[in-house]
Amino acid sequence: MNLIHVPQLKSQILSNLINSFDITYLNIANFENLHNYFLSKKFNFDIVIHLAAQTQVIDAYENPRKTFEYNIQGTWNLYEICRVTNIPIINASSD
């Protein structure tokens, strides 16, 4: 029997997995706030999974500067902080 196809078990596994992560929403384009967050003693990061992006084409067309700040500058900031603090990073992107 494939246990992943038992709905109750699958729900329990996913719930346990999600509850084991700390999900934080930050403006990664703001280097100082991001840096302070990483240096706070509140967290001990094992890895960073970078999923942040402005993905809407119309928003990018209407406000290219904000898109640059979020997608390029923000990613650069996150990579720089991970480099300095020696925290591994996984980046997910569709582009």
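## Accessibility and the overall model

A residue is called buried when its relative accessible area is under 20%, exposed when it is over 50%, and partly exposed in between. Glu69, at 27% relative accessibility, is therefore partly exposed. These values come from a predicted model.

The protein has 95 residues, and buried residues make up 16% of them. It contains 4 helices and 2 strands, arranged along the sequence as α-α-β-α-α-β. Among contacts with a separation of 6 or more, 65% are between residues 24 or more positions apart.

## Helix H4

Helix H4 runs over residues 64-85 and has 22 residues. From its first C-alpha to its last it reaches 30 Å, close to the 32 Å expected at 1.5 Å a residue. The helix bends by about 30° at Gln73.

The buried residues in H4 are Thr67, Gly74, Thr75, Asn77, Leu78, Ile81 and Cys82. Their cover includes helix H2 (31-39), strand S1 (48-50), helix H3 (57-62) and strand S2 (89-91). One of these buried positions, Thr67, lies in helix H4 and has a relative accessible area of 14%, so it falls under the 20% limit for buried residues. With neighbours within four places in sequence left aside, Thr67 is in contact with Gln54, Asp59, Ala60 and Ile72.

## Salt bridges along H4

The structure holds 2 salt bridges. In one of them Lys66 pairs with Glu69, and the closest N and O atoms are 3.5 Å apart. Lys66 and Glu69 are 3 residues apart in helix H4, which means that about one helical turn separates them. Lys66 is partly exposed because its relative accessibility is 36%, and Glu69 is also partly exposed, at 27%.

The other pairing joins the side chains of Glu80 and Arg83, with an N to O distance of 2.6 Å. Glu80 and Arg83 are also 3 residues apart in H4, so they too are separated by about one helical turn. An α-helix has 3.6 residues a turn, so residues three or four places apart point the same way. Side chains of opposite charge can pair when their charged atoms come close. Glu80 has a relative accessible area of 24% and is therefore partly exposed, whereas Arg83 counts as exposed because its value is 58%.

## The end of H4 and Asn86

Just after H4, Asn86 takes a positive phi of about 60°. Asn86 is not a glycine. Most residues other than glycine have a negative phi. Asn86 sits in the loop between H4 and S2, and its relative accessible area of 68% is why it is classed as exposed.

## Phe38 and its contacts

Phe38 lies in helix H2. Its relative accessibility is 9%, so Phe38 counts as buried. Not counting residues up to four places away in sequence, Phe38 touches Phe45, Val48, Leu78, Ile81, Cys82 and Ile87. Among these partners, Leu78, Ile81 and Cys82 are buried residues of H4.

Phe38 and Ile87 are 49 residues apart along the chain, and their C-alpha atoms are separated by 10.0 Å.

## A nonpolar surface patch

A nonpolar patch on the surface is formed by Leu14, Leu17, Ile18, Phe21, Ile23, Tyr25, Ile47, Ile49, Leu51 and Ile90. Together these residues have about 1100 Å² of accessible area. Helix H1 (residues 7-19) gives the largest share of the patch, 3 residues.

Ile23 counts as exposed because its relative accessibility is 55%, over the 50% limit.

Terms used. Residues numbered from 1 in each chain as written. Predicted model: local features only at pLDDT ≥ 70, side-chain atom pairs only at ≥ 80, totals over all residues. Heavy atoms only, no water. Expected span 1.5 Å × (residues − 1). Bend = angle between axes of the 7 residues up to and from the residue. Buried < 20%, exposed > 50% of the residue type's maximum accessible area, 1.4 Å probe, protein only. Contact = heavy atoms within 4.5 Å. Patch = residues over 30% accessible without salt bridge, like charges linked within 9 Å, V, L, I, M, F, W, Y side chains within 5 Å. Areas by Shrake-Rupley, 256 points an atom, 1.4 Å probe, with all protein chains shown as cover. Salt bridge = Lys/Arg side-chain N within 4 Å of Asp/Glu carboxyl O.
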